[in-house]
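Please read the following report alongside the sequence and the three-dimensional view.

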Amino acid sequence: MTLILGLETSCDETAAAVVRDGRLVLSSVVASQNELHERYRGVVPEIASRAHLERITPVVEETVRAAGVGWNDIEAVAVGNRPGLIGSLLVGVSAGKALAWALGRPIVGVDHVQAHLHAAALGESSPQPEFPALGLVISGGHTSLYEVASPTSMHAIGRTIDDAVGEAYDKAAVILGVPYPGGPNLDRLAQAGDASRHKLPRSLLDDESLDFSFSGLKTALLYKVRGIPRGRGREAVFERSIGDLSPADRADMAAAFQTTAVETLITKMVRALEQMSRAGRPARCVIIGGGVCANSLLRRRAGELGASRGLPVLLPAMGYCVDNAAMIAGLAYHHLRAGRVDDLHLPAVATTSLR
Ligand code: KG4
Ligand code: ZN
């Protein structure tokens, strides 16, 4: 039995978790900073790192208490050390090193993007992935497809060339006047709308491309909501403002955005599955991770994709879609088993290790 304490501070969630044998979550505490960033409609890095500093110690103490284990039962300390906001990452990495040193246990640095692909495997009764798998990470910072050989080995086969899909959701929410946090609130508004009333462009790039582009969709939504502007940039004058739309219009536009974004993700997954089959490495399952996995339409359409292709599609439980430390501690178990541990020189790095 291996108990790992995980820490996650890469963006605006201060999180800690205790996970047994890579799967069983004994406790998972997430202190969200939404209320601190709400008035800026986005994460302010300096505010985020200061809040992590204030919260990390109580969050870790609460996690260990809630797990019902003693400090000496913990066999390793895992920390998401990349990618993310550097000032935020540094708080988790420093706290992880201090804990590892004080407990006399190894520290394991974990790539946050890779950890999102472990989130679906958490929980004692969750189906476990079989490899090779097709992986899709859809978050506020990343939108990438991976050919996954094992929990700790994967390479990117497609990526966004501009905005991440979560970022597009957050910007679309601002355009539609939806309150922060944009993703979940836009999802709720879209569920009340009729997607067929507006057509928005689906950017698939060329016929074989596994890359994504969401900036055109965002601009098309802006023009749909406010009309074609006269002038450009800060000088632009729009035909109307968001207040001129009826609640039903806003919901219909939100639904059109949601359908277009999600269908793009589904189309690219189908393409990737076909390309893996043609290359003689057919995927044995699909693993999806990241905050946008909480999206109602994505969850439904991903389930339908799996059913139509006879392929398991693994999605995280709702609590493990957005940033959390259980996925960090869970993935660290696989690193530990492979003998991969770090030392007190472990750096915080702003970019992902995945290529
Ligand atoms: O994985 P995550 O917590 O942070 C990153 O690693 O980026 O993902 C956060 C992203 C945000 O952009 C948020 O708007 C989006 O996930 N998100 C959603 C939903 N819930 C969170 N997007 C669409 N629908 C949702 N229900
Ligand atoms: Zn994340």
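## Strand pairing and the open sheet

Strand β2 (residues 13-20) is joined to β3 by eight bridges, and the two strands run antiparallel; helices (H or I, at least four residues) and strands (E, at least two) are DSSP runs, numbered from the N terminus, and two strands pair if DSSP finds at least two bridges between them. Within this pairing, R20 stands opposite L24 in β3. This is a predicted model, in which local features need pLDDT of at least 70 and side-chain atom pairs count only at pLDDT 80 or more, whereas totals for chains, interfaces and linings use all residues. Residues are numbered from 1 along each chain as its sequence is written, chains are lettered from A and ligands numbered from 1 in the order in which they are written, and side-chain values use heavy atoms, with hydrogens and water left out.

The open sheet has five strands in the order β3-β2-β1-β4-β5, and its pairing is mixed. Its edge strands, each pairing on one side only, are β3 (24-32) and β5 (107-111), and from one strand to the next the twist averages 20 degrees.

## Helices on the sheet

Helix α2 (residues 45-67) packs on the sheet, where it touches β1 (3-8), β2 and β3, and its direction makes about 25 degrees with that of β2. Contact here means heavy atoms within 4.5 Å, while axes are lines fitted to C-alpha atoms, for helices over the stretch in contact, with angles running from 0 to 180 degrees between N-to-C directions. Helix α10 (residues 326-337) also packs on the sheet, touching β1, β2, β3, β4 (76-82) and β5, and its direction makes about 115 degrees with that of β5.

## The zinc site

The zinc ion (ligand 2) is coordinated by H112 (NE2), H116 (NE2) and D323 (OD) at 2.0 to 2.1 Å; donors are N, O and S atoms within 2.8 Å of the metal (3.2 Å for Na, K and Ca), and sites may look incomplete because water is not among the atoms. The spacing of these donor residues in sequence is H-x3-H-x206-D. Distant parts of the chain are linked here, since H112 lies in helix α4 (residues 112-116) and D323 in the loop between β10 (313-314) and α10, 211 residues apart. Both H112 and D323 are buried, a term that means under 20% relative accessible area (1.4 Å probe, protein chains only).

## Aromatic pairs

The structure holds two aromatic pairs, where rings of Phe, Tyr and Trp (its six-membered ring) pair if their centres lie within 6.5 Å, and planes under 30 degrees apart count as stacked, over 60 as edge-to-face and the rest as tilted. Y169 and F257 form an edge-to-face pair, with 5.1 Å from centre to centre and 85 degrees between the planes. This pair links helix α5 (residues 165-175), which holds Y169, to helix α8 (residues 247-278), which holds F257, 88 residues apart. Y169 counts as buried because its relative accessibility is 3%, and F257 is buried with a relative accessible area of 0%.

The rings of F212 and F214 have their centres 6.1 Å apart and their planes at 10 degrees, so this pair is stacked. F212 and F214 are both buried.

## The enclosed strand β9

Strand β9 (residues 285-289) is largely enclosed by the rest of the structure, because five of its five residues are buried. Both of its faces are covered, with C285, I287 and G289 buried on one side and V286 and I288 on the other.

Five bridges join strand β6 (residues 133-138) to β9 in parallel, with L136 opposite I288 in β9. Two bridges join β9 to β10, also in parallel, and V286 stands opposite V313 in β10.

Methods
Buried means under 20% relative accessible area, exposed over 50%, partly exposed in between (1.4 Å probe, protein chains only).
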